[in-house]
Amino acid sequence: MDHFLYRDGALFAEDVPVSEIAAQVGTPFYCYSTATFERHFRLFDEALEGTDHLICYAMKAASNQAILKTLAALGAGMDVVSGGEYARAKAAGVPGDRIVFSGVGKTYDEIHAALTGGIRQFNVESEPEMAVINKVALELGVRAPITVRVNPDVDAKTHAKIATGKSENKFGIPISRAREVYAHAASLPGLEVIGIDVHIGSQLTQLEPFRLAYEKVAALTEELRADGHNIKRLDLGGGLGIPYERSNEAPPLPVEYGAMVKETLGHLNCEIEIEPGRLIAGNAGIMVSKVIYVKEGEDRKFMIVDGAMNDLIRPAMYEAHHDIVPVVEAEPGTEPQAYDIVGPVCETGDTFAKARNMSPVAPDDLIAFRSAGAYGAVMASEYNTRPLIPEVLVNGDQFAVIRRRPTFDEMINRDTIPEWL
Ligand SMILES: *Cc1c(COP(=O)(O)O)cnc(C)c1O
């Protein structure tokens, strides 16, 4: 459920008409709903009620400072995957002891910054990385809290580009080698081994792959404890999917996920950490765009809009579906038309949808891409020298631009001319 609903045929973001925001900030833009972020965070919090837990929002899904502050105010921790994200989390006021550092390629400098600024734990993904964390910790005279990310070799049954838990993926260490790797970690004086980490992929629409992975983690916890390790925290990753196509998708609910977590891992008395990104942010945001032209092709109709693949890359990158809706609903009984909905970028891949049925549109009409809050703005680029589009946050009847559109001069002046030119 989200807070983008029609009132008398006009799309609202909470209590604000979307067309009013468009008039003020221009199109295209991202629009987020505070109430939806809050609702999704609470669903997870309630789902894990009765367990000692921390929800570390995977901020790579949507990392605007205003979004981080909104979630941090509810008690969220952050899952970061780069030095830049770590700095963003700190800048939003998130304390180090609520920041978890994930990712396969943490550099010396990133590890140094996190150990200096405070960190809840590193989720270690390889032995070479373990050696560097140990080295930095010893240099700083501290012990770095770590979990090891294990790769449980389960099929997440999601898009190949976002599956991370099969043995062929680059993530984590094979679970079959875990005992050996934990023994090595325990021998390094700069490390404090505190738990186990697993994350098998994104946009999972079934509970079964999670269950298989968590059962393996449960068994491993007992083995590692028998080996003498103090396993007190389990980081279960993110990955729960969202309904992108509302008419025919119903992924598991957070409450069902939470029940399965308690069932598979509850008996171990560990602190539970989860790292949801998409489920918290995805349906909390839309991308609003304007129709530029309707072009009649030989056998199809093209709706050319001012948003493009550089603004929302998911359809081009993952063949992702986004529901696309008019900001002003057509009169009841209007016959829908099939449109290929495309952006202005010079690539055939700049196609959002093919033969999508929509009520007829005309130039200057507004449309909204639903479920664009996660992996939308954060994956945008300035390809074709198109400025990064603004982000707007709605809260009840107020809204604010939380990142403005840069001017052409600002974009151009980031280039520098060498002295020989
Ligand atoms: C991307 C990622 C997440 C978040 O995944 P979602 O599908 O957005 O919930 C969590 N943990 C790690 C390690 C990730 O890489």
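These legends accompany several close-up views of a predicted model. Residues are numbered from 1 along each chain as its sequence is written, and side-chain values use heavy atoms, leaving out hydrogens and water. Because the model is predicted, local features need pLDDT of at least 70 and side-chain atom pairs count only at pLDDT 80 or more, while totals for chains, interfaces and linings use all residues.

View 1. Strands are DSSP runs of E with at least two residues, helices are runs of H or I with at least four residues, and both are numbered from the N terminus. Two strands count as paired if DSSP finds at least two bridges between them. Strand β2 (residues 10-13) meets β3 through 2 bridges in the antiparallel sense, and here A13 lies opposite V16.

View 2. Look for D8 in the loop between β1 and β2; its phi is near 50 degrees, a positive value in a residue other than glycine. E319 sits in the loop between α11 and β16 (324-326), with phi near 55 degrees. Most residues other than glycine have a negative phi. D8 is exposed, at 85% relative accessibility, and E319 is exposed too, at 62%. (Buried means under 20% relative accessible area, exposed over 50%, and partly exposed in between, using a 1.4 Å probe and protein chains only.)

**View 3. A cis peptide bond joins T27 and P28.** Its omega is about -10 degrees. To find the spot, follow the loop between α1 (18-25) and β4 (29-33), where P28 is placed. Most peptide bonds are trans.

**View 4. Strand β5 is mostly covered.** Of the 6 residues in β5 (residues 53-58), 5 are buried. This strand runs parallel to β13 (residues 271-274), joined by 3 bridges, and I55 stands opposite I274 there. Strand β5 also runs parallel to β6 (residues 77-80), again through 3 bridges, with A58 opposite D79.

View 5. C56 is buried, with a relative accessible area of 0%, whereas C346 is exposed at 69%. A disulfide is a covalent bond between the sulfur atoms of two cysteines; here a disulfide is taken as a pair of cysteine sulfur atoms within 2.5 Å. Searching the whole structure finds 0 disulfides. For C56, the closest cysteine sulfur is in C270, 15 Å away, which is too far for a bond.

**View 6. The largest nonpolar core has 98 residues.** A nonpolar core is a set of buried Ala, Val, Leu, Ile, Met, Phe, Trp, Tyr and Cys residues joined through side-chain atoms within 4.5 Å. The residues with the most contacts inside this core are Y57, F122, Y257 and I341. Helix α8 (residues 208-226) gives the most to the core, with 7 residues. A second, separate core of 18 residues includes F4, L11, V16 and V327. (Contact means heavy atoms within 4.5 Å.)

**View 7. K166 lies in a loop between two strands.** The strands on either side of this loop are β9 (144-151) and β10 (173-174). K166 is partly exposed, at 26% relative accessibility. Not counting residues up to four places away in sequence, K166 touches N151, D153, V154 and D155. The C-alpha atoms of K166 and G201 are 9.2 Å apart, though the two residues are separated by 35 residues along the chain.

**View 8. The largest pocket has about 570 Å³ of space.** On a 1 Å grid over the protein atoms alone, a pocket is an open set of points where a 1.4 Å probe fits, with protein on both sides within 12 Å along at least five of seven lines; lining residues have an atom within 4 Å of a point. Grid points are joined across faces, edges and corners, and the volume is the space filled by probe spheres set on the points. Of the 30 lining residues, the closest to the centre are K60, T164, F171, H199 and Y375. The elements giving two or more residues to the lining are α10 (278-281) and α11 (314-318).
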